[in-house]
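Keep the viewer open and follow the points in order.

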Amino acid sequence: MERPTIKPVINLLTRLAGFALLAVMVTSCYYDSEDYLYPQLPGGCDTTGVTYSGVVSPILASNCNSCHSPASPSGNVITSTYEGLKTAVDNGSFRKAINHEAGASPMPKNGNKLPVCDLNKIDAWLNQGAPQN
Ligand code: HEC
């Protein structure tokens with residue numbers, strides 16, 4: 001025995017459910033962009049193939065060498081030559097200073113921390129053993 005009123009109601013509910021599902025699908029894709037989910041990962045910051053001459057040295061030239069050149073090296077640290085930098089790398093002060101970690105004066109002195117991408121690139125170079133490449 002059929003009840004005539006139930007069919008249009010089910011029909012309407014089916015349409016509403018379909019519409020709701022569509023709305024969820026459309027909006028759920030909205031924040032799937034790589035930059036939103038992984039702000040510092042590959043899309044935004046390429047840490048492959050980082051070299052001293054191509055990447056690290058220019059970052060130091062822009063942010064550090066004004067205070068750390070052989071002519072008047074602040075804190076007796078030189079960042080403008082590989083040998084000078086390697087000394088600070090080997091004694092651990094370089095990594096601590098640029099990452100504002102305990103045990104070293106935060107650098108650049110009186111300035112903002114380097115951009116995260118620059119720090120990630122330097123980190124990649126340090127993890128290779130800080131080669132003169
Ligand atoms: C405005 C000048 C200035 C700039 C720019 C600067 N430094 Fe320094 N740096 C100093 C001074 C001065 C010291 C001595 C310690 C102190 O006074 O904090 C020092 C100390 C250091 C030390 C030794 C820290 C310790 O506690 O042993 C390291 C390593 C260093 N700087 C690296 C850097 C690097 C890398 C940069 C760039 C990202 C940089 N500095 C930028 C002035 C500067």
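1. The buried residues of H6 pack against H3 and H5. Helices here are DSSP runs of H or I with at least four residues, strands are runs of E with at least two, and both are numbered from the N terminus. Contact between two residues means that their C-beta atoms, placed from the backbone, lie within 7 Å. A residue is buried if 20 or more other C-beta atoms lie within 10 Å of its own, exposed if 12 or fewer, and partly exposed in between, with C-beta atoms placed from the backbone.

2. Before going further, please note that this is a predicted model, in which local features need pLDDT of at least 70 and side-chain atom pairs count only at pLDDT 80 or more, while totals for chains, interfaces and linings use all residues. Residues are numbered from 1 along each chain as its sequence is written.

3. Which residues of H6 are buried? They are Lys121, Ile122 and Trp125. Seen down the axis of H6, these buried residues fall within an arc of 95°, so they line one face of the helix; the arc is that of the directions from the helix axis to the C-beta atoms. The face turned away from the buried side carries the exposed residues Val116 and Asn127. Just after H6, glycine 129 takes a positive phi of about 100°.

4. Stepping back, the chain has six helices and zero strands. Of its 133 residues, 13% count as buried. Among contacts with a separation of 6 or more, 51% come from residues 24 or more positions apart.

5. Now for the largest nonpolar core, where Phe94 and Ile98 touch the most other members out of 14 residues. Helix H3 (52-63), helix H4 (82-90), H5 and helix H6 (116-127) each supply at least two residues of this core, and H5 gives the most, with three residues. A nonpolar core here is a set of buried Ala, Val, Leu, Ile, Met, Phe, Trp, Tyr and Cys residues joined through C-beta atoms within 7 Å. Leaving aside its neighbours within four places in sequence, phenylalanine 94 is in contact with Leu85, Ala88 and Val89.

6. H5 also matters for the next topic, the ligand: helix H5 (residues 93-98) gives the most to the shell around the ligand, with four residues. In total 22 residues surround the ligand, and the closest are Cys64, Cys67, Ser74, Gly75 and Ser105. A residue is near a molecule if its C-beta atom, placed from the backbone, lies within 6 Å of it. The shell divides into 11 nonpolar, 10 polar and one charged.

7. Have a look at alanine 97, which is found in helix H5. Alanine 97 counts as buried because there are 21 C-beta neighbours inside 10 Å. Not counting residues up to four places away in sequence, alanine 97 touches Ala104, Ser105, Pro106 and Met107. The C-alpha atoms of alanine 97 and methionine 107 are separated by 5.2 Å. Methionine 107 is joined to proline 108 by a cis peptide bond, with omega about -5°.

8. Finally, please check two asparagines. Asparagine 76, in the loop between H3 and H4, has a positive phi of about 65° although it is not a glycine. Asparagine 110 lies in the loop between H5 and H6, and its phi is near 60°, again a positive value.

Terms used
Ala, Val, Leu, Ile, Met, Phe, Trp, Tyr, Cys and Pro count as nonpolar, Asp, Glu, Lys and Arg as charged, and the others, Gly among them, as polar.
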